[in-house]
Each structure stands twice: as C-alpha cells, then as structure tokens.
Amino acid sequence: MTKEAVRATGASRGHARALPSAKLAQLAEGQLGWVLAACARVMRPLVRLAVRVGVKHAQLDELLRSLLIEEAQRTWRDKGTEPNLSQISLTTGLNRKVVTSLVRDTVERLPYSEMSAPAKTVTLWLRLCTDDPSRRKLPINAIARGPSFEAVAYKASHGNVHHRAVLDELLRLGMVTESGDGFVELDADGFVPAQDMRSMLAFLGDNTRDHLLAAVSNTLGGQPAFLERSVFAKGIAPQDCERIHQIARTRWNALHHELAQALADAFAQAPEAASARMRIGIYAYFEKGPAPASKAAADESPPSKEERP
C-alpha cells in the first residue's frame, strides 16, 4: 500500500477502513506518472548526449532492458532471494525469452574514475600546492630532500603504477608541462581530462550515478539521509550567473582540499577489511531561459501611435 493510501485510510470503531481497490489503483497510477516524469527529467541530458554522438534507439533500448534486469536482480537479492527467470520477468515486464538472452555478466567499457592513478596524483599534488604554491613545479625524479613528482605519484598509486606512466598520461591530457631541466609543472586546478572523451565519460557516469543514488535513496526513505541539496533562482542576468558560478568554484577549491585530506587520512587509518566507498561533489549549471510571457508579448505587439515613426 502506498504512503498516500495509508494516509487516506480512516478509522471506524477502532478498525482501519481501507480504500476501494479502484482508488488504490488510481493512486498507484498517479505515483507511476510522477516517477516517469522524474525519469524523463533525469534522462533528457543523457539522451542529448546519446543523440549528439550517434547512439540509436535500438542501442538505448537494449541498454535499458539490461539495466532493468540488473536492478530487478539487485532488488530480489536485497530480500535474500536469488531470482529465477520468471521472477525477473514479472518484476521487469520483459518476457522470459528477452530475460534469458540478456542475463549475463556485465562488461565494463569505461574505467573507474576512483581507480585512476593520474587523478589521485593530481589530487595529492594540489594538496601540496595548498601548503606551498611553489610546489606546482617539481623535479620529476626523487632527490635527497624535498618532494618530487616520482614521490607524489608513488604515494598516490601506492607504488602500483610507475611514475613515468602517470606523467606520460598527464602530459597527454595537457594537465602538466615537462621542461628540459628535469622538472614538471602542474597546469590544472583539478583532474578534468577534457582532452580524453573516454575519461570524461567515466567521470560523467560515476559522478552523476552517485549524485542520483543519494537522491534516490533519500526519496525512497533510505537511512541515514544523504546530503543532497541545491539552491536555485530564475530570472537573473547571465553575467550574474557566471559571477555566482565563480563563487562556487572558489569555495569548492578550498573545500576540495579539506575533504581530500580527510579521505586520505581515513584510508590510511582504515582496517585491512574496510570496503566502503564515498564520493562528495558539487555542481553548478545555468542556461538562458525563454523571455517572460508578458515581455515576449510586448515585443511582438505593434508599436502604439506615439511610438511609431
């Protein structure tokens, strides 16, 4: 029974009075419409991305079917049951033949952003720069005293990736500059691999996924409730949007270093068996909207006699 149905039930002589089945169906249908409307808002930017790069309906359709099956499996497993084909078919609305053809191991085609040695190296390097801005330029190889790129990359990747491989990747992404005297300089204020479409898509997927997971968990009443807030305004000038955008960027830069340090400390102190993951983000978006109806109507109306030349 939905929350709305529970609220709508009444009491008669100490007994609950249930709503008629037709009313419950109407409430469920209304809730379904709300969910689909929310899905449309969330999916529109992804559909925009898909259309721009040439993804077709058949590919999106297969992807959606696969995701429906995977999430149906997750739902049943959360209840302690390994679902069979009939249960998955009933939950998703897909016929058994389709379910049978799509139940398979998922192949990941994008890297996991949290596993990126270059990203970890840039984050650690930026923390060094916060304490001493001169450390934006470091010797590539380890020296007797002072930090080096080799030491930063080694610490960031826990020695799993050679520092030269990390440096070559950062050079390819245009995030650092290597000088002929054995030094390398950090040119970025964060790991944003704009020149690498695959890496950018990996961050898009990971960041957006976790933002939505927090929102969905809160919507479904998950506990504890996750931080998921925003501020917004409509009807302001584009230049003010950009000015406020820069305020958010500046504040995030300071908060980013504090959070990165806290996460690094937590990782260093965690027991061997610790497996929880955490992602914290902030976003800003603005665009030009349609002109207000009254102004648009005024602009389209013919000038008055006094205004005519």
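1. Ground rules. The model is predicted, so local features need pLDDT of at least 70 and side-chain atom pairs count only at pLDDT 80 or more, while totals for chains, interfaces and linings use all residues. Residues are numbered from 1 along each chain as its sequence is written, and side-chain values use heavy atoms, with hydrogens and water left out.

2. The overall picture. The protein chain has 11 helices and five strands (DSSP runs numbered from the N terminus: H or I of at least four residues for helices, E of at least two for strands). Of its 309 residues, 20% are buried (buried is under 20% relative accessible area, exposed is over 50%, partly exposed is in between, with a 1.4 Å probe and protein chains only). Taking contacts between residues at least 6 apart in sequence, 52% join residues at least 24 apart (contact means heavy atoms within 4.5 Å).

3. H3 against H4. Helix H3 (residues 57–78) packs on helix H4 (residues 85–92) at about 110°, and the axes lie 9 Å apart (axes are lines fitted to C-alpha atoms over the stretch in contact, and angles run from 0 to 180 degrees between N-to-C directions). That makes the pair roughly perpendicular (the label covers 65 to 115 degrees; under 35 is roughly parallel, over 145 roughly antiparallel, and the rest oblique). On the H3 side the contact uses Leu68, Ile69, Ala72, Gln73 and Trp76, and on the H4 side Gln87, Ile88, Thr91 and Thr92. By class, the contact of H3 with H4 has five nonpolar, four polar and no charged residues (nonpolar is Ala, Val, Leu, Ile, Met, Phe, Trp, Tyr, Cys and Pro; charged is Asp, Glu, Lys and Arg; the others, Gly among them, are polar).

4. The two sides of H7. In helix H7 (residues 149–157), Phe149, Val152, Ala153, Ala156 and Ser157 are buried. Seen down the axis, these buried residues fall within an arc of 110°, so they line one face of the helix (the arc is taken from directions from the helix axis to the C-beta atoms). They pack against helices H6 (117–131) and H8 (163–172) and strands S3 (137–139) and S5 (183–186). Tyr154 and Lys155, on the other side of H7, are exposed.

5. His158 follows H7 and has a positive phi, near 55°. Val161 sits in the loop between H7 and H8 and is partly exposed, at 32% relative accessible area. Leaving aside neighbours within four places in sequence, Val161 is in contact with Ala117 and Val166.
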